[in-house]
Amino acid sequence: MTDIEFMQIALDLAQQAAAAGEVPVGAIVVKDGEIIGRGSNAPITTHDPTAHAEIRAMRDAARHLGNYRLVGCTLYVTLEPCAMCSGAIQHARIARLVYGASDPKTGACGSVVNLMAEPKLNHHTEISGGLLATECAALLSSFFSVRRKKNKTATEENGQ
């Protein structure tokens, strides 16, 4: 499979997250051409601030491999990882990160900060950003647009 095909699978997971009322982010971990981990955002439904798509996909992959080190793996995620996820990616020794949309508010792979390029850290993941960025960003924009409309309607119904 190609990077685009793998990212499309991550986008499908992001759509599942949106359907569950979560911010639509999806992620997969691939090793030797095989998907070994899948995750979608679930902090709201799981009451877990660490339940980001990347973390859930890496946990799934680690269970699959029987090892917390994900050496030789590629992580595909629809949104640029935050600082928490970037740290976990480095600790897991992910070889390559491919993300879709940039995150100008919390992105830690170049948009706000770039933890992957910090020379003091002992692991440096290769980064490729912007794959299917338009599709990834459109899913996020649509989700937040609907959420804003719902919030506005609820506020108006309450007479505020």
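**Overall size.** I started with the radius of gyration, taken over C-alpha atoms. The protein has 16 Å, which agrees with the value near 15 Å that a compact globule of 160 residues would have. The rule behind that expectation is 2.2 Å times the number of residues to the power 0.38. I also looked up the extent of the C-alpha trace, which is about 55 × 30 × 30 Å along the principal axes.

**Ground rules.** I note that this is a predicted model, in which local features need pLDDT of at least 70 and side-chain atom pairs count only at pLDDT 80 or more, while totals for chains, interfaces and linings use all residues. Residues are numbered from 1 along each chain as its sequence is written, and side-chain values use heavy atoms, with hydrogens and water left out.

**Secondary structure.** I find five helices and five strands. From the N terminus on, the order is α-β-β-α-α-β-α-β-β-α. Helices here are DSSP runs of H or I with at least four residues, strands are runs of E with at least two, and both are numbered from the N terminus.

**Surface and burial.** I get an accessible surface of about 8300 Å², with 53% of it belonging to carbon and sulfur atoms. These areas come from the Shrake-Rupley method with a 1.4 Å probe, and for residues only the protein chains shown count as cover. Of the 160 residues, 41% count as buried. Buried means under 20% relative accessible area, exposed means over 50%, and partly exposed is in between (1.4 Å probe, protein chains only).

**Contacts.** I took contacts between residues at least 6 apart in sequence, and 56% of them join residues at least 24 apart. A contact means heavy atoms within 4.5 Å.

**Charges.** I have 15 positive and 16 negative charges, and their mean positions are 5 Å apart. Lys and Arg count as positive, Asp and Glu as negative, with His and the chain ends not counted. Each charge is placed at NZ of Lys, CZ of Arg, CG of Asp or CD of Glu.

**Salt bridges.** How many salt bridges does the structure hold? I find three, a salt bridge being a side-chain nitrogen of Lys or Arg within 4 Å of a carboxyl oxygen of Asp or Glu.

I looked at D3 and R96 to begin with: they form a salt bridge, with the closest N and O atoms 2.5 Å apart. This pair links distant parts of the chain, D3 being in helix α1 (residues 3-19) and R96 in strand β4 (residues 96-101), 93 residues apart. D3 counts as partly exposed because its relative accessibility is 27%.

R96 also meets E126 in a salt bridge, at 3.8 Å from N to O. R96 sits in strand β4 and E126 in strand β5 (residues 126-129), so this pair ties together parts that are 30 residues apart in sequence. E126 is partly exposed, with a relative accessible area of 47%. I therefore have D3, R96 and E126 noted as one entry: they are linked in a network of salt bridges.

The side chains of R63 and D60 form a salt bridge at 3.9 Å, N to O. Both lie in helix α3 (residues 53-65), three residues apart, about one turn of the helix. Is R63 exposed or buried? At 61% relative accessibility, R63 counts as exposed, while D60 at 27% counts as partly exposed.

**Helix α4.** Which residues of helix α4 (residues 83-92) are buried? I list C85, S86, G87, I89, Q90 and A92. They pack against α3, β3 and β4. After α4 comes R93, with a positive phi near 65°.

**Single residues.** I put T74 in strand β3 (residues 73-79). T74 counts as buried at 13% relative accessibility. Leaving aside neighbours within four places in sequence, T74 is in contact with I28, V29, V30, R96 and V98.

I35 lies in strand β2 (residues 34-40). Not counting residues up to four places away in sequence, I35 touches F6, I9, I28, V29 and V30. From I35 to C73 I have 9.6 Å, C-alpha to C-alpha, across 38 residues of sequence.

My last stop is S145 in helix α5 (residues 133-157). S145 is partly exposed, at 24% relative accessibility. S145 and V30 are 32 Å apart in space, C-alpha to C-alpha, and 115 residues apart in sequence.
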